[in-house]
Amino acid sequence: MSFLDLKNVTKIYPNGTKAVHETSLSIDEGEFMVFVGPSGCGKSTLLRMVAGLEDITEGDINLDGKLMNEVDPSERDVAMVFQNYALYPHMNVYNNLAYGLKNRGIDKETIEQKVNDAAKLLQISDYLQRKPSMLSGGQRQRVAMGRAIVRNPKIFLFDEPLSNLDAKLRIQMRLEIKKLQQKVGVTSIFVTHDQVEAMTLADRLAVINNGIIEQLGTPIEIYDNPKSLFVAGFIGSPQMNFLDGNLKNKTLSAEGFEIKDINTDFDGEVTLGIRPEHLSQSENGLINLKIDLVEQLGSDNLVYGQLKNKKDFCYRCPGNQTIEKGSNLSLNIENNKFYIFDKSTGKRVN
Amino acid sequence: MKFKPLQIIAHIILILGVLLMVVPIWISFASSSHDSVTILTEGMKFHIGDQLARNYNEVLNEKGGWSEEVTAAKMFINSFIMALGIATLKVVISAMSAYALVYYRFKLAVPIFWLIFITLLVPLEVRIFPSYKIVSDLGLTNSYTGLILPLVASATATFFFRQFYKTIPDELLESAKLDGANAWSFFIDFLVPLSKTMIAAMFIFMFVYGYSQYLWPLIMTTAEEYWTVVMGMKIIYTESYEGVALPRTAERFAYIILSMIPPVLVVVFLQKWFIKGLIQTEK
C-alpha cells in the first residue's frame, strides 16, 4: 500500500450533484501530485475529502496505512494552503504559525524553535510581529505555507494557492513551492486549473474532468501521449489544433489532405489533433494556412490563420522568422506527431 | 485657508447640532448648582451657582424613599449592577446562540432563528404579567438575579452577531480545524477577538438599555435597597408631606446629572476598544 491511497472515492452532494466519481489513486511518500482540470471538475472536492473538510460518500481514503474516512480533520495531520490563504487576521504572523502547535499542546520553547526555523526557511523572520493585513500578497502566501510547514504534517494540500497573485509573483512562488517541497520532502497535492503550473510543479499529474481522472502520469507522458481528446486539448499552450476527419483502412482523410499507413484498426469519424509546435514550413506541405494574425512573443511567433474550410488553426514557429499577415503558409507535420481520437468517445485511437 | 460659503453653512449646521445636544445638559448642570428657591422663582440657570457641593452631597448621602432607607448612591450602584449584568449576559448569550445558529447546520436553525427574532415583537412590557409571575414563583423578587434574568435574552444582539459571523469566510474555520481547533476554541480564539468591535458596540447599547429600565424594576422591587436610578428619579424626592415643602428642583437636577455618569463612563471606556477594533479588523 502506498502512502496515500484513494479507493473508489465518490462524492455526491446532498442536492444530488455527483462531484467525484469512483476515483482511485495512489500517491507515494514525498511525491508532488498535481490535480489539474477546468473549474467545477471536482479537483478541489477531492482535495477537501483528503483534508477531511468534505464527507466521503463512498470509498476509502488511507493515509500512511490508516483509514481516514471518519477521522476528524484536526486529527488527520494534514496541512492545507487555501486560495485566499485564510490567515488569522487578528493574530500576528508568529501566532499564525504557532496556533496549530499550541493546540497540540507543545511546550513554548519548542514552538518558538519551530516557528523561527520555519520563518527562516521562508524568509519571513522580519515580519513575525506583523498582522496579516500589513503584509503583501507574496508575504501572506509565505505565511500560509509557513503555517503548513511548521506542523510537520504527513501531507501538504494546496488549493489553488497562486491564483490570487500577479503573474510575475506567481512564477516566482511557483518555483519556491517546488524548491521548498524538494527540500522538506513532504508528500504534496496541489490543485490548479493552470496547466503551466501543473506541468512545472508536478512529479505526477492527474488531469480531472467531470469528476473522473482522465489521465494520470508524469507531465511529459501526458503532453506526449494524451489518452483522450480532453487531455489533449487541456494540456499544452497554445491549445492543440483539432480537425475533423475520417479514418478508413489505416488512411486518414481530413480537410483536403490524406495521411496513410496509420497504426490503427479503427474505422470511422475521428478528430485529428496537431500541436502548433509540431509543424514546420515546407513546400507542398499537407496543410495550407491563410494567416490572420501573428503574435510575437520574442522567442516564438504564434501564427493564427484559417484553413481552406475557414477552420481556425495555430502554428508556432521560432521568433526569428518573419511572417506576413495575409500571406499563405504551407505546413507539414513534424515526425508524424499527430493524435487521432474517436470522435464519438474522445478516446485516442492511434 | 479660506472657507467657502458651503463650508460655513455646513459648520453652522454642525455647531447647531452640537448645541442641541449640549445645551440641555449644561442647563441641567448649571441649575443643579443653585438653590431650589432660586430656580422656582427665576427659572432655569445658565451660570454656575454656589450650592453645587451642598446639592450633590445631599443627593448622594441623604436617605430618601417612602421609608427613607435608600440613598441615591445606593441606587446608582444597583442600576450599575443591573445594567452590567444585563449587558454582559446579553452579549455572552447572544454571541453564543448566534454561533450555534451559524456554525451548526442543524435542520431547524432557520426556524429557530426566526423564533428568536419574533421575540422582538413581544417586549417585556407586553409580557410583564407572566414574567412577573415566573420570577415571583421562583422567589426572585427583590434580588439582583430577578432584576437581571428576565432581560438577558436579546434577539437584536443575536441577529447582529449572526450577520457578523456570516461574513467570516469558511476557510478560516476550515483552516482552524486543520490546525486542531475544536468548536470551543474556534469561538474563543477566533470569533470573540474578531468580533471585539461588535461586542463593544453591543455592550454599550445593552448597558444603556439595562440602565434605563423603568417598568421592570418598579414592579420587581418592593424593598428600597433594590431601587434603581430611573425609578428613583420619580420617587426619591416626592415629598410625602405634599403642599408643605417646596419641590426640591435643584437636587433633582443634581440627581439627573449624576445618573448620566455611569453610562457615559461605559461609552468613554469602550470607545477605545471600539476604535481599536475598527482599525485592526480592516483587511
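Predicted model: local features only at pLDDT ≥ 70, side-chain atom pairs only at ≥ 80, totals over all residues.

**Exercise 1.** How close do the axes of helix H8 and helix H11 of chain B come, and at what angle do they cross?

Residues are numbered from 1 along each chain as its sequence is written, with chains lettered from A and ligands numbered from 1 in the order in which they are written.

*Solution.* Step one: find H8(B) at residues 155-167 and H11(B) at residues 196-211; helices are DSSP runs of H or I, at least four residues, numbered from the N terminus.
Step two: their axes (lines fitted to C-alpha atoms over the stretch in contact, with angles from 0 to 180 degrees between N-to-C directions) come within 11 Å and cross at roughly 170°.
Step three: that makes the pair roughly antiparallel, the word for angles over 145 degrees.
Step four: H8(B) makes the contact (C-beta atoms, placed from the backbone, within 7 Å) with B:Ala157, B:Phe160, B:Phe161 and B:Phe164, and H11(B) with B:Met198, B:Met202 and B:Met206.

**Exercise 2.** Work out what chain B brings to its contact with chain A.

*Solution.* Step one: 18 residues come from chain B and 18 residues from chain A.
Step two: on the chain B side, H9 (170-178), H10 (183-194) and H14 (249-281) each supply at least two residues.
Step three: H9(B) gives the largest share, six residues.

Methods: Contact = placed C-beta atoms within 7 Å. Parallel < 35°, antiparallel > 145°, perpendicular 65-115°, else oblique.
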